[in-house]
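This report describes the fold of one protein chain and the surroundings of selected positions. The sequence and structure are shown below.

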Amino acid sequence: QDWEQRQEEDTLLIERILLLVRNVLHVPPDPTEEQGVDGDASVHDRVLWALHISGMDDLLKFLASAQVEQQWALHVLEIISLMFRDQSPEELAALGQGTAGAEHGEDTRQLETLRQRELAEKRVRALQRPSRHSRFGGSYVLQGLKSIGDRDVVFHKGLHNLKSYTHDLGKEPRRVPRHRQA
């Protein structure tokens, strides 16, 4: 329901559910009670998995990100901090890096070999080119654009400069004295 349509009982129910989830996650681990096999999921991890299966984690994400549900922000923040209670930041950062780390290393090696090959090709091309650069870019006749008289315009710049061509190109603008300026 939207917040406008909620009754007072609905608001209390939401708050009680959030407090219940927080209290369940707040239970400290008991190593003597949890005598599982190495690598087995702890009780805390199984509770988190049950929350994920039930879709509660999606509801918590919605409550955390929705602008109209800001009244629950501190409850959701506390629940999220309790979810990550047993993890260190280093473990969380390296969580998805297991197989991706090996693939990343292989990709890095491939990119490095491609980069070395490109640099070698670039050096070979640089050696094949003459060392002096000819500044002559060519001359082009612009058909349909008349210059002085009845002849076509001869354009001495590169073709990439053609779009910015005007007849006033290279002319010095006439200076207007300051007291005659508009």
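## Basis and overall architecture

Two residues are said to be in contact when heavy atoms of theirs lie within 4.5 Å. The model discussed here is predicted.

The protein contains 6 helices and 2 strands, and along the sequence these follow the pattern α-α-α-α-α-α-β-β. Of its 182 residues, 13% count as buried. The accessible surface comes to about 16000 Å², and 55% of that area belongs to carbon and sulfur atoms. Among contacts with a separation of 6 or more, 42% are between residues 24 or more positions apart.

## The loop residue E69

E69 is located in the loop between helix 3 and helix 4. Its relative accessibility is 3%, and the cut-off for a buried residue is under 20%; E69 therefore counts as buried. When neighbours within four places in sequence are left aside, the contacts of E69 are R6, F62 and L63.

## Helix 4 and its cover

Helix 4 spans residues 73-83, and its buried residues are H75, V76, I79, L82 and M83. Viewed down the axis of helix 4, these buried residues fall within an arc of 125°, so they line one face of the helix. The face turned away from the buried side carries the exposed residues L74 and L77.

The elements that cover the buried residues of helix 4 include helix 1 (8-26), helix 2 (43-54) and helix 3 (56-65).

## Packing of helix 1 against helix 2

Two packed helices are described by the angle between their axes and the distance between the axes. For helix 1 and helix 2 the angle is about 155°, and the axes are 10 Å apart. Helix 1 is therefore roughly antiparallel to helix 2, since an angle over 145 degrees counts as such.

Helix 1 contributes V21, V24 and L25 to this contact, while helix 2 contributes H44, V47, L48 and L51. By class, the contact comprises 6 nonpolar residues, 1 polar residue and no charged residues.

## H44 in helix 2

H44, which lies in helix 2, is one of the residues that form the contact with helix 1. With a relative accessibility of 9%, H44 counts as buried.

Not counting residues up to four places away in sequence, H44 touches L25, L82, M83, R85 and D86. Of these, L25 belongs to the helix 1 side of the contact with helix 2, and L82 and M83 are among the buried residues of helix 4.

Notes. Residues numbered from 1 in each chain as written. Predicted model: local features only at pLDDT ≥ 70, side-chain atom pairs only at ≥ 80, totals over all residues. Heavy atoms only, no water. Buried < 20%, exposed > 50% of the residue type's maximum accessible area, 1.4 Å probe, protein only. Helix = DSSP H or I, 4+ residues; strand = E, 2+ residues; numbered from the N terminus. Arc of directions from axis to C-beta. Axes fitted to C-alpha atoms, helices over the stretch in contact; angles between N-to-C directions. Parallel < 35°, antiparallel > 145°, perpendicular 65-115°, else oblique. Nonpolar A, V, L, I, M, F, W, Y, C, P; charged D, E, K, R; others polar. Areas by Shrake-Rupley, 256 points an atom, 1.4 Å probe, with all protein chains shown as cover.
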